[in-house]
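Here are my notes for anyone opening this one for the first time. Have the viewer ready and go through the points in order.

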Amino acid sequence: MPILTATTSSNRLSTGTVEAITATALATWGQSTLSHATPRVPTQDSDILYVVKSCKRFLRRAQQLNQAWGNKVQNVIFSTDDFLQGIPAKLQRVLPFRDPEAVAFAHSSSIPYNHAISCGVTLLNLARIIKEQAYSGVRWMMITDDDTFVIRDNVPKYLDTLNSSQPHYVVLSNEEPLDFYPRSRSNGKLMTIGATAPGILYSRGLLEKLRRDSGVLFTRAAVFKLCRTARMGDDVALGLLARVTYNMPIVARPDLRGYHWAKEKTPTDKMPLTIHTEQQFSPGHISIMKELATKHYPAGK
């Protein structure tokens, strides 16, 4: 069909020209929309919820941690079996876990009594945090022990390399075989898990999955079973929760964990996100941690 051209005015465009311009504009708009629809937004401190595993037995450690970095972040929750004096009540999730059923579970477990109690408290408090959607408004949740120092400037820079809307489970430790778990093999390969004491990261995508399944995953019976299976307390139980429940690939980043006893042990090409002190925060540890905290995680690594 021939192209119809208007002749009543020299300023008018032909039908064919209009169609061509429109098509070009739509194509350009489409490309622009696709490239800018989901811009990468830098991770801020306010995008991260820190959950500290603690207990009344280690009150001093929790207080020292709060002074070292806990009171400097925007979102932090202390998971504990009793009220921690000196830490604002609104920042605590207290679960006594001393009822007869809990005590019977702890005594019947193959792990030490204190580890069993700690496992139950951690998982049931995690259930509260997820069901209450205490993570609302954040993109990541980091769980650490109460003797772990978090280098706050480095954490967001690493998280910028990941998509929080996807389910991610990252541990700042080496992988460990799950040879003790009856369903530990997937396609003939032995599953692995990482201990969570130096730090574990849950993306919002994974938290949403846990929230949808919380009615099944976080019943007392399910928590008791998971703690008994873990054998090593909440460190392994938290990993099992994500690794076995969803058969998720583990992202183990021991290179992002610092070492408190010697600066030369800490990697220099990838700055650590946390330092697991494995004891109290001594002045010597704080000095090394502050020096390490002046170094920043290189973006994109």
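1. Start in the loop between helix 4 and strand 4, where you'll find Gln133. This is a predicted model, and in it Gln133 has a positive phi of about 55° although it isn't a glycine. Is Gln133 buried or exposed, or something in between? Its relative accessible area is 34%, so Gln133 counts as partly exposed.

2. Now hop to Phe97, in the loop that joins strand 3 (92–94) to helix 3 (100–108). Here again phi is positive in a residue other than glycine, with a value near 55°. What about its surroundings? Phe97 has 3% relative accessibility. The cut-off for buried is under 20%, so Phe97 counts as buried.

3. Next, have a look at helix 6, residues 204–212. Which of its residues are buried? They are Gly205, Leu206, Leu207, Glu208 and Leu210. Note that a glutamate, Glu208, is in that list along with the leucines.

4. And what covers those buried residues of helix 6? The cover includes three helices: helix 4, helix 7 (214–217) and helix 9. It also includes strand 4 (140–145), strand 6 (169–171) and strand 11 (200–203).

5. On to the largest pocket, which has a volume of about 660 Å³. It is lined by 28 residues, and the closest to its centre are Cys55, Phe58, Asn114, His115 and Ser118. If you want to find the pocket quickly, centre the view on those five.

6. Which helix gives the most to that lining? Helix 4 does, with seven residues. Helix 4 spans 113–131, and both it and helix 9 (234–243) supply at least two lining residues each.

7. Finally, zoom out. The chain has 10 helices and 14 strands. It runs to 301 residues, and buried ones make up 48% of them. Among contacts with a separation of 6 or more, 73% are between residues 24 or more positions apart. The chain exposes about 15,100 Å², with carbon and sulfur atoms supplying 54% of that area.

Definitions and conventions
Residues numbered from 1 in each chain as written. Predicted model: local features only at pLDDT ≥ 70, side-chain atom pairs only at ≥ 80, totals over all residues. Heavy atoms only, no water. 1 Å grid on protein atoms, 1.4 Å probe; cavity = no way out; pocket = protein on both sides within 12 Å on 5 of 7 lines; lining within 4 Å. Points joined across faces, edges and corners; volume = space filled by probe spheres on them. Helix = DSSP H or I, 4+ residues; strand = E, 2+ residues; numbered from the N terminus. Buried < 20%, exposed > 50% of the residue type's maximum accessible area, 1.4 Å probe, protein only. Contact = heavy atoms within 4.5 Å. Areas by Shrake-Rupley, 256 points an atom, 1.4 Å probe, with all protein chains shown as cover.
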